[in-house]
Amino acid sequence: MSLSTLRRCTLEVAVVMALAAPAAAGQAEATLSAINGARAQAGCPALVLNPQLNAAARSHARAMAEQDFFGHAGRDGSRLGSRIKRQGYSYRSAAENIAAGQSSVTQVVRGWLQSAGHRRNILNCGMRETGIAVVYEADDRPLRGSRYPLRYYWVQVFAAP
């Protein structure tokens, strides 16, 4: 086993252990804990929750759930930058991870860490603040081309003020 494979396995085990029992009300905190665990393994500083970034993440997660779409661009034409600015947040750089269908913090963080682009956002040591939201839509409809509803919509916003 190569050193990079060993490090990746160690990181994934640390994330799974940090997520063993996420509470429904504490999903943002549990997600942040897991993300910060991964960042610590990579030598990055911990992210800090920011209320404006939380609001931007929550508005996009809610829009995806209520408007039956999944994507970085909103149905209103909004993009990450405009959603952050709408909350009054000034940033130097920003990134966004989205996910849908995962019912637990463990599933969503594991999926993000296994995706090159999402992992790059998580391990970008230049990012300092974050906003995290998950919206559950009980009566969600399947998206076009899907057989099953996603129900859970996750958004994590990363920024450097």
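This briefing covers the disulfide and the strand pairing of one structure. The model is predicted, so local features need pLDDT of at least 70 and side-chain atom pairs count only at pLDDT 80 or more, while totals for chains, interfaces and linings use all residues. Residues are numbered from 1 along each chain as its sequence is written, and side-chain values use heavy atoms, with hydrogens and water left out.

**Disulfide**

- The structure holds one disulfide, a term for a pair of cysteine sulfur atoms within 2.5 Å.
- Cys44 is joined to Cys125, with an S to S distance of 1.9 Å.
- This pair links distant parts of the chain, 81 residues apart: Cys44 lies in the loop between helix H2 (27-41) and strand S1 (48-49), and Cys125 in the loop between helix H6 (116-122) and strand S3 (129-136).
- Helices (H or I, at least four residues) and strands (E, at least two) are DSSP runs, numbered from the N terminus.
- The disulfide is left-handed because the torsion about the S-S bond of Cys44 and Cys125 is about -65°.

**Accessibility**

- Cys44 is buried, at 8% relative accessibility, whereas Cys125 is partly exposed, at 30%.
- Buried means under 20% relative accessible area, exposed over 50%, and partly exposed in between (1.4 Å probe, protein chains only).
- Strand S4 (residues 152-160) has eight of its nine residues buried, so the rest of the structure largely encloses S4.

**Strand pairing**

- Two strands pair if DSSP finds at least two bridges between them.
- Strand S2 (residues 93-100) runs antiparallel to S4, joined by eight bridges; Ala99 has Trp154 in S4 as its bridge partner.
- S3 and S4 also run antiparallel, with eight bridges, and Tyr136 stands opposite Tyr152 in S4.
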